[in-house]
Amino acid sequence: MKPGAGSLRALLAGDRQADRVVPPSGFTAQLTLFAAGAMAFLAVFALALSLAAGRLAERWGSELARTATVRIVAPLDQRAAQTEAALRILETTRGVATARALTDAEQQALLAPWFGPDLALDALPVPRLIEVIEDSDGMDAAGLRLRLAAEVPGAVLDDHGRWREPLVQAASRLRLIGWVSIALIAAAVAAMITLAAQAALAANAQVIAVLRLVGATDDYIAQAFVRRFTLRALSGAAAGTVVGLIAVVLLPSASETGGFLTGLGFRGLHWLLPFLIPLLAGGVAFAATRAAARRTLRGLS
Amino acid sequence: MIELENVAYSYGGGELLSDITLKLAPGSFHFLTGPSGAGKTTLMKLCYGALLPTAGHVRLFGADVRGLGRDDIAMVRRRVGVVHQDVQFLDHLDLSENVNLPLTVSGRSADAAGGDLAELMSWVGLTNRANALPPELSGGERQRAALARAVIMSPDVVLADEPTGNIDWDMSQRLLRLLIELNKMGKTVLIATHDLSLIRATKAHVQARVLRIANRRVQLAGADL
């Protein structure tokens, strides 16, 4: 029983006579179809989760990686002068593409969720914010901090790394969980198909004994079982994948306010990825049944 | 063709067969007799690689059975037709498909062998039962079908283990005539039986060597049979 293109070709081509020698099996067929279908359905969601988490990590990473904020925390009478000084330093800093102080209106809008729209900025010691956008080379944050500390005592540089990294890390872990889920689903499919194949082999012990007696090779006997279970897993997983994709399509569409959950789905070419799930299930079933058949047949005379 | 040299076989701590030397030459006819439990079936199984000897050598068509892989054993079984007392069929296939099974598993198409199959079914008198399922067959029909299945590959050797155990005298004689006919075609035949009357009835038609298993050993039976 050597694996290879020959056995795959034989599997796909089939042999009507060989298929007939193993009697149709009721519950193992239904079990395999159901297990493959259910697992494929779950795999579609795990894949969607993983891809959505990947997109999120990428978005957070790229959106925040090239920006920084300078806060000018100074008495009201020095705030404008220190802001000007900080902007001058930023203009001459290598790696800074643009730097601009936020207007009062922009700062008010940022604070509106907590203080309401009528906040008087002059009445509160609110720091002035400078938005810094880096160019593709990036800036030397440590060097800039030193310069600001020396020349603008009220300036604090925040390169967003403090809160960007945990977010990106969380999104990356979510993506990893998605892939681990897919691997676990594949392992569960393998386990269930192994059990079903072993049950089918045990139920057909007499058939196998007759086939051995009349000169059937292990390859021949195994192929009848392998082909059957592979095709069942393939068709069950195809059905589960289609149902899973329909469910994903029916999810609420992504929106600004919806956040992460409404972004769960596929974009562009990623819609093709779920169609690999039935192939994966078929491959898993092929390997699992083959291993089970090998073990069982090796124990027979 | 099939040779056993100083073969012993032990099972469950006890020795069932000991120091067996036996040669089945091409075209020969043998009876193997002995009481129930003497080891006739075990000896038969050693002759087609279903069991491995615990000592000595079994050579199947020149090759030591211990050196044969599982696929090699399968090839040997295509050259050795086996008929068991409790013959087993695939109950979901009809009789003609069951008889044709050795051809099916060896990759020879049923169509190509169609003529052979029809001829064979006629030879064993089962033409009109070709579409019956195994559970619908009588004991005699099952034995004849088993013989047809055993010889469809035109094997060099036919091993029959108590082939007449479950059938009446007339049917036994009919089956025996078929086995004698096979021998006259040049096939080597070994029949295990405890039915001495069967052996006596055969002696007039074919030159048969009668072997008896006694005290774990095989010996040539005397003229008392």
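In the predicted model, Thr69(A) lies opposite Glu131(A) of strand β3(A). The strands of chain A concerned are β1 (residues 67-72) and β3 (residues 128-134), which run antiparallel and are joined by 6 bridges. Strand β3(A) also pairs in the antiparallel sense with strand β2 (residues 96-101) of chain A, here over 5 bridges. In this second pairing, Ala101(A) stands opposite Ile130(A) of β3(A). Strands of a sheet pair through backbone hydrogen bonds, in either a parallel or an antiparallel sense.

Helix α9 (residues 218-249) of chain A crosses helix α3 (residues 26-65) of chain A at roughly 40°, and the two axes come within 7 Å. The helices α3(A) and α9(A) are therefore oblique to each other, an angle under 35 degrees being required for the class of roughly parallel. The crossing of α3(A) and α9(A) is right-handed. By class, the residues in the contact of α3(A) with α9(A) comprise 18 nonpolar, 7 polar and 1 charged.

Helix α9(A) also meets helix α10 (residues 276-298) of chain A, with axes that come within 8 Å and cross at roughly 155°. This angle makes α9(A) roughly antiparallel to α10(A). The crossing of α9(A) and α10(A) is right-handed. On the side of α9(A), the contact includes Phe225(A), Val226(A), Phe229(A), Ala233(A) and Ala237(A). The residues contributed by α10(A) include Ala281(A), Val284(A), Ala285(A), Phe286(A) and Arg290(A). The contact of α9(A) with α10(A) has 17 nonpolar, 4 polar and 3 charged residues. An α-helix has 3.6 residues a turn, so residues three or four places apart point the same way.

The contact between the chains takes 17 residues from chain A and 20 residues from chain B. On the side of chain A, two or more residues are given by each of α2 (16-21), α8 (205-213) and α9. The largest share, 6 residues, comes from α8(A). The side of chain A that touches chain B divides into 10 nonpolar, 5 polar and 2 charged residues.

Within α8(A), the buried residues are Val207(A), Ile208(A), Val210(A), Leu211(A), Arg212(A) and Leu213(A). These buried residues pack against α2 and α9 of chain A, and also against α2 (70-79), β6 (80-83) and α4 (101-105) of chain B. Helix α8(A) is followed by Gly215(A), which has a positive phi near 100°.

Chain B contains an open sheet of 4 strands in the order β2-β1-β4-β5, with antiparallel pairing. Strands β2 (14-24) and β5 (63-64) of chain B stand at the edges and have a single partner strand each, so one side of each is left without a neighbour in the sheet. Strand β1 (residues 2-11) of chain B pairs with strand β4 (residues 55-60) of chain B in the antiparallel sense over 5 bridges. Ala8(B) stands opposite Ala55(B) in β4(B). In a regular strand the side chains alternate between the two faces of the sheet. Helix α1 (residues 40-47) of chain B lies across β1, β2 and β4 of chain B and runs at about 130° to β1(B).

Notes: Residues are numbered from 1 along each chain as its sequence is written. Chains are lettered from A and ligands numbered from 1 in the order in which they are written. This is a predicted model: local features need pLDDT of at least 70, side-chain atom pairs count only at pLDDT 80 or more; totals for chains, interfaces and linings use all residues. Axes are lines fitted to C-alpha atoms, for helices over the stretch in contact, and angles run from 0 to 180 degrees between N-to-C directions. Angles under 35 degrees count as roughly parallel, over 145 as roughly antiparallel, 65 to 115 as roughly perpendicular and the rest as oblique. A crossing is left-handed if the near helix is turned anticlockwise from the far one by less than a right angle, and right-handed if clockwise. Ala, Val, Leu, Ile, Met, Phe, Trp, Tyr, Cys and Pro count as nonpolar, Asp, Glu, Lys and Arg as charged, and the others, Gly among them, as polar. Two residues are in contact if their C-beta atoms, placed from the backbone, lie within 7 Å. Two strands pair if DSSP finds at least two bridges between them. A residue is buried if 20 or more other C-beta atoms lie within 10 Å of its own, exposed if 12 or fewer, and partly exposed in between; C-beta atoms are placed from the backbone.
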